[in-house]
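Subject: Structure handover

Hello,

I am passing on the structure we spoke about, with notes on what was found in it. Please read the notes with the model open beside you.

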Amino acid sequence: TCSLLFTGSTVGSLVGTILLERIVNFLGQFYPSLDQHTYLPAVSFFDRLFTKNVLAALPYGVGHSPSKARFSSLVLGGLLHPLFFIVMGTARNYPALLLAYAIAAFARSFWTGEHLNFYVVSTPKKPLGVLLGCWCIGSFSAPLVCQTLMAEGILWKHFYLGSLVISAIALSLTIFSFRPTRNEFLADRKAALDAIQIMPSAHIPGSDTMIQPFHEGKVRGSSTRPLLLALSIPYQWAFSLFAFIYSGSETTFQGFIVTYLLTNRGSSPDTVGYVSSGFWGGMAAGRILWGYYCTGLTFTQRKHVIHACTGVSFLMTILIWFVNSTIENALSSAVVGLMYGPIFPGTLGLCNDVLPGDVHMVSMAILTAVASAGSAVLPFITGIISNKDGMRVFCYVTVSQTVAMFVLWLFFPSSPPVRVSSSA
C-alpha cells in the first residue's frame, strides 16, 4: 500500500506539469500601459481593483511580467503545500493520504518549474546547487525530528500539524525574497512595450508614445517555437531520460531504504528512521559543495565528476546488497546521498552548456517535468514489484538504476559542442 502513495504523487505531478505554464502565464499578466504595479493578474474580473484608468489601458493589450509570474507561482505553491500537512495530520482513511500526496506534488510543481530554476541559473553565482542543498537540509531534518518525536510516544500526525509553522515561515521568506521590485516592474514594462508595434493611431495614457494592440497570434507563435526546437534536439531527450532515471532512483532509495532495513536487516524501529536523515544529510552536503565549487570547474571536469558520482553510488548500493549490517548500510546510504547531491544540478548545468541559448528556459522546464515524473513512476513500479517478490528487490532496482545512469552518462559529450545558430 505504501507504493500506492506514489500514485498520488504521479497524478499531482502530472496535473501540475500540464497546468503549470497556463497558470504561470495567467498570474504574470499585467497592463504595460499603466505605470502601476499590482500582484493581481490583468483580467476583467480584477479590473475594478486596479485603477480608474484601467479602461483606457485595455485597448493596448496585456503583457507578461516574468518577475510577477515567478513571485505569484511561488506564493501559490506556498499556499497549497500546507494543505498536505493539514490532510496528513487529520486523515482518517487511506484515500485521504493519497489526496495529500497529490496535493504535495502539485504544489511542488510551482517551486521546481522553469521560472525559478532559470532565474537561479541566470544569476551571476548560479547557486542552484546551494538552493537544492537547502532543500535537502529540510529533508534531512524532517525524518530526524519525526523519529525523535515518535520515540517519545508522540503521534506522527502531530508532526505534520506542527509543520504548519514551518510552512508559514517559508511562505513569509518567499514573499520577502521574491516580491517584484520597482526596477523589475519597469524592466518588464519596457520589454512588454517594446514588443508592441509602434503606430501613430494609438496613444498610451500619460505619455507621448503611440502603440498598436498586441497581436495574440504573433506572441503565441513566438512562444511555441523554442518548445518545438528543444524537442527536436536529441540531447534534450538524452538529458531528460537521464533526469528521469536519476530522480526515480533518488526517490526509490530514500523511500524504501527504511522499509528494506526493517524487513531484511531486522533494524530497530526506534532508530532506523535516522538512516533516511543520513541519506538527506549526505545529499545536502553534496549539493552545497557542488554549488560553491562547480563554477571553478571546466565543462569536462564537471562531466567527469558527475560520472564518478554515479560510479561510487553503484559501489555503495552493491555494499548494501551484500553486507548484512545495519551500521554499514546506514553509512553507505549517507555516501549515496553525498554522491547523488551534485548529479541533478550538474545535469541542469551541462544541459544548458550543450543546448542552444534560446531553448534554455523551456529545456529546464522539460527536464524538471520529466524528473518529477521519474520520481513518481519508478518508485511506484518498485512498490508493485516488491508486493510480489518482497523488499529484496530494493537492491536489484537501485543497482540497476545506478548502472543505467553510469552507462548513459558515457554518451554525453566531454566538451561543449560547437554552437550552430537555430535560425540557420
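Of the 424 residues of the chain, 47% count as buried, where buried means under 20% relative accessible area, exposed over 50% and partly exposed in between, with a 1.4 Å probe and protein chains only. The model is predicted, so local features need pLDDT of at least 70 and side-chain atom pairs count only at pLDDT 80 or more, while totals for chains, interfaces and linings use all residues. Residues are numbered from 1 along each chain as its sequence is written, and side-chain values use heavy atoms, leaving out hydrogens and water.

The chain has 19 helices and 2 strands. These are DSSP runs numbered from the N terminus: helices are H or I with at least four residues, strands are E with at least two. The accessible surface of the chain is about 20500 Å², and 69% of that belongs to carbon and sulfur atoms; areas come from the Shrake-Rupley method with a 1.4 Å probe, and for residues only the protein chains shown count as cover. Among contacts (heavy atoms within 4.5 Å) between residues at least 6 apart in sequence, 79% join residues at least 24 apart.

Axes are lines fitted to C-alpha atoms, for helices over the stretch in contact, and angles run from 0 to 180 degrees between N-to-C directions. On the α13 side are Tyr235, Phe239, Phe242 and Tyr246, which meet Ile343, Phe344, Thr347, Leu350, Cys351 and Val354 of α17. By class, the residues of this contact are 9 nonpolar, 1 polar and no charged. Ala, Val, Leu, Ile, Met, Phe, Trp, Tyr, Cys and Pro count as nonpolar, Asp, Glu, Lys and Arg as charged, and the others, Gly among them, as polar.

With α14, helix α13 packs at an angle of about 150°, the axes being 9 Å apart. These two helices are therefore roughly antiparallel to each other. The α13 residues in the contact include Phe253 and Ile257, and those of α14 include Phe279 and Trp280. The contact of α13 with α14 has 9 nonpolar, 2 polar and 2 charged residues.

Helix α14 also holds Gly282, which counts as buried because its relative accessibility is 10%. Beyond its neighbours within four places in sequence, Gly282 is in contact with Ala334, Gly337 and Leu338. Gly282 and Gly341 are 59 residues apart in sequence, but 7.4 Å apart in space, C-alpha to C-alpha.

Helix α15 (residues 299–322) has 24 residues, which at 1.5 Å a residue should span 34 Å; its end C-alpha atoms are 36 Å apart, which agrees. The expected span is 1.5 Å times one less than the number of residues. Among the buried residues of α15 are Thr310, Ser313 and Thr317. The cover over its buried residues includes α13, α14, α16, α17 and α19. In α19 sits Thr402, which counts as buried at 0% relative accessibility. Not counting residues up to four places away in sequence, Thr402 touches Thr310, Ser313, Phe314, Thr317 and Tyr340.

Regards

Note on methods. Parallel < 35°, antiparallel > 145°, perpendicular 65-115°, else oblique.
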